[in-house]
Number of protein chains: 2
Amino acid sequence: MTSPLPAEFALIARHFASLAGPGALGLGDDAAVFAPPPGRELVVAADAMVAGVHFLPDDPADLVGRKLLRVNLSDLAAMGAVPLHYLMTVSAPRATPDAWFAGFAAGLAADQREFGLTLLGGDTTTTPGPLTLSLTILGHVAPGTALRRNGARDGDLIFVTGTIGDGALGLLAARGELPDADGFLAGRYRLPQPRLALGARLHSIAHAAMDVSDGLVQDLSHLCRAAGLAAVIEAGRVPLSPPARAADRRELCLTGGDDYELLLAVPPERAAALAAASAATFIPVTRIGAFHAGPPAVTVRAPDGTPIPLARGGWSHF
Amino acid sequence: MTSPLPAEFALIARHFASLAGPGALGLGDDAAVFAPPPGRELVVAADAMVAGVHFLPDDPADLVGRKLLRVNLSDLAAMGAVPLHYLMTVSAPRATPDAWFAGFAAGLAADQREFGLTLLGGDTTTTPGPLTLSLTILGHVAPGTALRRNGARDGDLIFVTGTIGDGALGLLAARGELPDADGFLAGRYRLPQPRLALGARLHSIAHAAMDVSDGLVQDLSHLCRAAGLAAVIEAGRVPLSPPARAADRRELCLTGGDDYELLLAVPPERAAALAAASAATFIPVTRIGAFHAGPPAVTVRAPDGTPIPLARGGWSHF
């Protein structure tokens, strides 16, 4: 029999083939083949996003694509790695309009250009459930230079990039539950800013690093557990954007997810080097506290020094 | 505040941490770090599986894990690659019992040992929809030796490994729609046999290779399009298992999916080398037809030489 190109392959050719790099073999083979950069270690991570859980079903398709790529790029930033390639699986309801795929691919194309990486392969399937996306990212670092979560030391200062809490507030704004006249907060929720340029300069500066995705307090508790140290945050120092200050939801800012900022442990004598890296990359950093000897736990202190009790630590599935 | 380990991380620690290899950093960091094998090319592929689409919701959890790994291993086999690592995302309904995760991880552990690879990282999320799994596999080959789909030449013989059609019949059997007294067919559907040992010996034997996942006729049409050649299959030569012969559903065997056997284009003068590789690996191969000059299309011929019309070419999402 003659065999016309099945609809699934036509969809891939129409929307995803132009995203493919040289090793992807036009997305038409069983797998992709590429030569890793000689003398480098590979850094790999994978994140899934489910409509209604990680993004709103009516979020613009291009921003969904860009967020999918950026949450993974943020993981590379936290390791100090340079982006290289990605693979992606898309499980979509059968009724997903072609225009959605076109917008999704356009968003990916824009961010591929911005961050310098290409699509290597993946899979497209139907699902009777919500749109479910999974992306695996590949980057590289010089051997032995990947930033880790486990290196914080007693006396290290705690820094964060950018502003904290906009992601959680932005989700409320995107749902219409919080005023957001100029769309700043919703934009911060829908389009994270992976801090790759700064991450790549932190190897000789930070003792530990991670990206804040599940809430500042919970993510800081991971650094505490990994190092066997206590951490104290001064609530008044946590950097908030003007709309976040106006919203006056400080606990949500400290515990809500989707910030995708970097959280760093930096010894005091390297604070100047961090400031220089910040200035060189135009990525602001703010000191918010310090690590101390003690059982792994995070304390948040008010400006008068009293601990602030928090109802929940951060976001957890299950 | 003190921060107990959130449930999501406890679940990962309980079930997935023991699957992690050295570069996975205990699944506790933002990403994994590994040194690619020096002087080798990397081969990467990703496949998604959705409950109710790619497996039955009540399939045993260990077999779901093994199938997820094996459909990806089959892609490596088709490229002649050696398995190395994998990353995985699991989007599970909140009510998924802990025992399901335990069984799923046990299946992965068994196949990691059998095929020699380790978990590098991933993500675990909830979903309001069906259980949705995505796996990215990494393997390696000597530079320039990856098998491709596009190399078939006029006069090449067409071979397949194992038997064809058991996967599609096995889905019917697993649903109770086909007798399967000893469970052979359902077993073939639930537990593919990736042909890695043979694939790794085919570089100097096969002009083209792919794995049969969407149906023999449709997948062969991909080799035809990639090479600009016609293909003729002799229906009487297509190898069927005894239960498949007994089921007498020949068209379904030719067009149904889930075989995960290798489909090869081999020049006649290398047929003996292929037989030797088959004997060395205990993986049977059968010649089922040949490629010819002509427009890309697949013809299936009855033993008397007349073309057999087929109602559908193979499985396509969308």
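This is a predicted model: local features need pLDDT of at least 70, side-chain atom pairs count only at pLDDT 80 or more; totals for chains, interfaces and linings use all residues.
**View 1. The side of chain B that touches chain A.** Here we look at what each partner brings to the contact: 68 residues come from chain B and 68 residues from chain A. On the chain B side, strand β2 (residues 41-50) gives the most, with nine residues. Sorted by class, this side of chain B has 36 nonpolar residues, 21 polar ones and 11 charged ones. For the complex, the predictor gives an ipTM of 0.91 and a pTM of 0.93.

**View 2. Helix α1 of chain A and its buried residues.** Helix α1 of chain A spans residues 7-15, and its buried residues are F9(A), L11(A), I12(A) and H15(A). These residues sit on the same side of α1(A), because they cover an arc of only 155° around the axis. If you follow them to their packing partners, you reach α3 (98-115) and β4 (118-126), both in chain A.

View 3. Over residues 1-5 of chain A, pLDDT stays under 50. The model has 12 contacts beyond four places in sequence for this stretch. For chain A as a whole, the average pLDDT is 92, and 96% of the residues score at least 70.

View 4. Stepping back, you can count 10 helices and 11 strands in chain A. The C-alpha atoms of chain A fill a box of roughly 80 × 50 × 35 Å along the principal axes. How does the radius of gyration of chain A compare with that of a compact globule? A compact globule with 318 residues would have a radius of gyration near 20 Å, and chain A, at 21 Å, agrees with this. Of the 318 residues in chain A, 58% count as buried. Contacts also reach across the sequence: among those in chain A between residues at least 6 apart, 86% join residues at least 24 apart.

Methods:
Residues are numbered from 1 along each chain as its sequence is written. Chains are lettered from A and ligands numbered from 1 in the order in which they are written. Two residues are in contact if their C-beta atoms, placed from the backbone, lie within 7 Å. Helices (H or I, at least four residues) and strands (E, at least two) are DSSP runs, numbered from the N terminus. Ala, Val, Leu, Ile, Met, Phe, Trp, Tyr, Cys and Pro count as nonpolar, Asp, Glu, Lys and Arg as charged, and the others, Gly among them, as polar. A residue is buried if 20 or more other C-beta atoms lie within 10 Å of its own, exposed if 12 or fewer, and partly exposed in between; C-beta atoms are placed from the backbone. The arc is that of the directions from the helix axis to the C-beta atoms. pLDDT is the predictor's confidence in each residue, from 0 to 100. The radius of gyration is taken over C-alpha atoms; the globule rule is 2.2 Å times the number of residues to the power 0.38.
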